[in-house]
Amino acid sequence: MNAEQSTIPRIWVFVEQQEHQVHPVSWELLGAAKRLSADLPGSVVEAVLPGHQVADLAPQAFQYGASRVYLIDNPVLEIYRNLPYAVAVSQLVKEYRPEIFLIGATTLGRDLAGSIATRVSTGLTADCTELSIDPANHILAATRPTFGGNLMATILCRRHRPQMATVRPRVLPMPDPMPDATGEVVSVPFDMREEDVPVKRLRLIRAEEQPNIEYAEVIVAGGRGMGGPEGFALLQELADALGGMVAASRPVVDAGWMDASRQVGQTGKTVRPKLYIAAGISGAVQHRVGMSGADVILAINTDPNAPIFQIATMGIVGDLYEVIPALIRQVKGQSHDGQAHL
Amino acid sequence: MTDRLTFDAIVVGAGPAGVAAALTMARGGLNVIIIERGRFAGAKNLFGGVFYTHALADVLPDYWERKPPFERPVTEQGYWMLSPDSAIRVMHKSERYLKEPADAYTVLRARFDPWFAEQAAAAGALLITRTTVTQLLKDERGRAIGVDTDRPEGKVYAPVVIIAEGVNNLLTQQAGLIASDLPPKYVALAVKEYINLPAKDLQTRFGLSGPREGVAIDVFGDVTLGLPGTGFIYTDQSGISIGVGMLLDEFVTHRLRPYEVLERFKRHPVVRPYLEGGEVREYGAHLIPEMGYDRMPKLASDGVMVAGDAAGMVDALHREGTNLAITAGRMAGETALAAHQAGDFSAAFLSRYRRSLEGSFVLKDMKQYRRMTDFLESSPQFMGTYVNLLNEAALRYFTAHGIPKRTMEHDILKMVRERRSFTGVAWDMLKLMRAMRG
Amino acid sequence: MHAVVAIKQVPDTSNVRIDPETGTLIREGVPAIVNPYDLHAVEAAVQLKERLGGGQVTVITMGPPKAAEALLECVEQGADRAILISDRKFGGADTLATSYVLAHAIEIINAESPVDIVLFGKQAIDGDTAQVGPGVATRLNIPLITYAVAIEEFDLASRRAVVHRRVEQGIEVLETTLPALLTVEKEIAPVRHAPLPRLIAAARYQPETWTATSPIPFDPQQIGLKGSPTVVGKAYTPAPRSGGDVLSVADLGLDAVVARAMAVIGQAHVRDLHSFTGAVS
């Protein structure tokens, strides 16, 4: 084994791409990797990019902080299937034995990470909300919620390498890209033929363009207190004025007032907007875990004891059907072009 | 095409009555199925409560070796009569309560019932839970031949059905044994909390020297705002069961919310210090039949018998219910065994069930206290006026220092005369004697 | 058709409470349930059996003796055979060790009676890792399809199946060889109210129990704590985000409250109102 491969601690990030688009969680992970690297002396941050004819995506990885991109190119990697991806990436992992390997906890990532960890016989911690380097022994401390968010656990992988972790989109902040950054591309050979892949994709039934609230900067969310689907038009008006999106708590989705793609919470989406307005949401812990990372939370509820007030930057005890229209008037009044500039 | 599910006997409900019946029949060699709607036996049950072991000993003589999950033996018991700010407390304690097994134990149903059901299962009874019996199946002559349940392919057949469904007696009505639901006048609603207390506090406050001692207190008077009803405080292993019950129509007439009545009880100046630092772990409510002997259902018909709360077998005055249920369940089981022997499941043959009950404390006590509910309802002064009077009298008696005792005695009698009159008192005593003597 | 379904008994996490002083889970009074996704997996297997007019559904679990109750619930739903894999030595297992135990058990079951499909719920609601299914598929060297929402076709003769998989963009229609391992979403099959005869069968059924040594030996290096690369360093209740002022419209009037709200909104620095919708939906 060459000296370079054995001694440098490598912090790897899996770059997820589908249809030539990189999932932003990959960049969020590179940001985290850079922060970890500061606490791990002599370490490097590198990206793993499997796919077919995706070399042109490598520069983005450099911009977000990778010093090297391992490019694995093979037609069998064009569309994601577990076997080719798991085998290709595991081979690479066994060759370099990185110190840490981070993967986004997307559908693809969650399908892939467990397979890689099993193939290379190492530890994997899923859905982490925090990653840090333990200063005493320089190992990764990966913290994740368990029991529906009621208990946080910090998991350590003391002896096995790489220490693997997955992180959901929008849990970590998006780093600022460095447009002039460059790095090294290493082409990794990978032999697999299509006939060796037992799973074929026959077709993709695209869902109607689903609104993606995960990346909205402003969210106006409604809960059971809305009383019905009609009120959401009001929330939409406020969201439009603020340039944001409408979301919903789980009871609203269960009642059929809003689509599941709008659901924020433990069984829905995690959001980290700059502004989260919660209207008629009581704030049960299962909802809070999906939005407590917002910078500013404004909550409106008729119940002064609603748990949401415990985490809101400001709480309003009142009728949302009075307060929201008043807010809309204020927000629109402050702007000249119907949009707010705050 | 699918074979009919057939058993020798069906028991509806895995509470004490049902399990006692099933245990008796299974031990007698019958193929028994118990159908319980709760997630587990006891899931739907709640009581104060004090459990009397004699009934268990009759149905399961070696019960003590099987380590029943009792809370505490009752080694001190009595009454607290509360006025709004005082209490007269009459407690009885004796070394003679200290035997093992004791005569009575405090029990938590969610722990006891599953254990009891397990004994029936061990004897060969099949316990099916999470299944509700929806209907009695009858043949062309109206004889019970089985039951239907809320599950697909849910019909079960047997020549004898023992209904132990509890206070919501829908099946009993369907079987034609009782005409209708219990009116609010003849059913009580009781609410209770289980409050955890640190061991030291539990022991010092209730004078317990260890886990082999326990206290059972029944409370009257202000606990139910002077209305007919009772409260209770019973010591469990690591805490207390505290609760209050009143007739449903009292709650309705006086617009009282059960939980508020309990809260008020807990805040009473004499009661509150006992609960200090405790943590409410559970809260529950349950209905209790108070129909009395004269309004009990018919106890048997062709192919069917009814036992326990479903048959109104409750003696509230003596806080007895579970032991009546177990005894009745046992007797129903014995009758079913005899019926199988004779090949006769007719109402006429099954009438020996009633005769067994008549020969036992079950119907004898129910008959003796048949007038109790009506009496208490028509004489609210027993819970209200008299209790307050006694407390007032006690206060005056004990603070009569420096005034002539004759004056104090005079005051007390004046108070009685004003609040009730002496003829009123005499009349009340007479009515009470009649109600107690049966 | 022989389907193996792996299940887990979990605490009902919607009812879980944490002791604020010790940071540990208060387990008493919390009902233990079959992991909801696993119950749907059992249903999917049973419905597949019905669709094909016959077959066997074997359900397995690695857990403490109490997990036998969960197995019986699966027998109520239609499973034919239930195996409890239980031993103190399995304790402390993380997902790697768990996948070893389950995969090894499935290999033995397969040797007795060839397995056509293995089903897992997509994740356990207590651990939420979703790792064990993929780990088992990898060890068994069979194709893995996660987030399955429907089995459109299942043909034993040609050893192939067509499965629908939910992804962010929609539904992938995948064809796979058999045997394969699926992790499933709730939509794969609704959990039906079990018929009474099945409850009776389950009440009379005794699950088989396998230990670390019998009837088959498990490698002691790969089970329990020994076989677990990860350990819990510490566990704690999350520091609550603290709340700010709560103002009442009734007390202060709508205008005053809204004015304060606007100031708070201003703190969010929502400039230019660009929502980053991201490259992928």
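These legends describe close-up views of a predicted model.

**View 1. Helix 1 and helix 9 of chain B pack in a right-handed crossing.** Helix 1 spans residues 16-27 of chain B, and helix 9 spans residues 322-342. Their axes come within 7 Å and cross at roughly 35°. Helix 1 of chain B contributes B:Pro16, B:Ala17, B:Ala20, B:Ala21, B:Thr24 and B:Met25 to the contact. Residues from helix 9 of chain B include B:Ala325, B:Ile326, B:Gly329, B:Gly333 and B:Leu337. By class, the contact has nine nonpolar, four polar and two charged residues.

**View 2. An open sheet of six strands in chain B has mixed pairing.** The strand order is 8-3-2-12-19-18. Strand 8 (126-128) and strand 18 (300-301) of chain B are the edges, and each pairs on one side only. Strand 18 runs antiparallel to strand 19 (residues 304-306) of chain B, and two bridges join them. B:Ala300 has B:Met305 of strand 19 as its bridge partner. Helix 1 of chain B packs on this sheet. There, helix 1 touches strand 2 (9-12), strand 3 (32-35) and strand 12 (161-163) of chain B. The direction of helix 1 makes about 160° with that of strand 2.

**View 3. Chain C meets chain B.** The contact involves 14 residues of chain C and 18 residues of chain B. About 1300 Å² is buried between the two chains, with carbon and sulfur atoms giving 62%. In chain C, C:His193, C:Leu196 and C:Ile200 lose the most area to chain B. Together they account for 42% of what that side buries.

**View 4. One salt bridge is found across the interface of chain C and chain B.** C:Glu76 pairs with B:Arg130 in a salt bridge. Their closest N and O atoms are 2.7 Å apart.

Methods: Residues numbered from 1 in each chain as written. Chains lettered and ligands numbered in written order. Predicted model: local features only at pLDDT ≥ 70, side-chain atom pairs only at ≥ 80, totals over all residues. Heavy atoms only, no water. Axes fitted to C-alpha atoms, helices over the stretch in contact; angles between N-to-C directions. Helix = DSSP H or I, 4+ residues; strand = E, 2+ residues; numbered from the N terminus. Left-handed = near helix turned anticlockwise from the far one by under 90°. Contact = heavy atoms within 4.5 Å. Nonpolar A, V, L, I, M, F, W, Y, C, P; charged D, E, K, R; others polar. Pairing = 2+ DSSP bridges. Buried area = accessible area lost by both parts, 1.4 Å probe. Salt bridge = Lys/Arg side-chain N within 4 Å of Asp/Glu carboxyl O.
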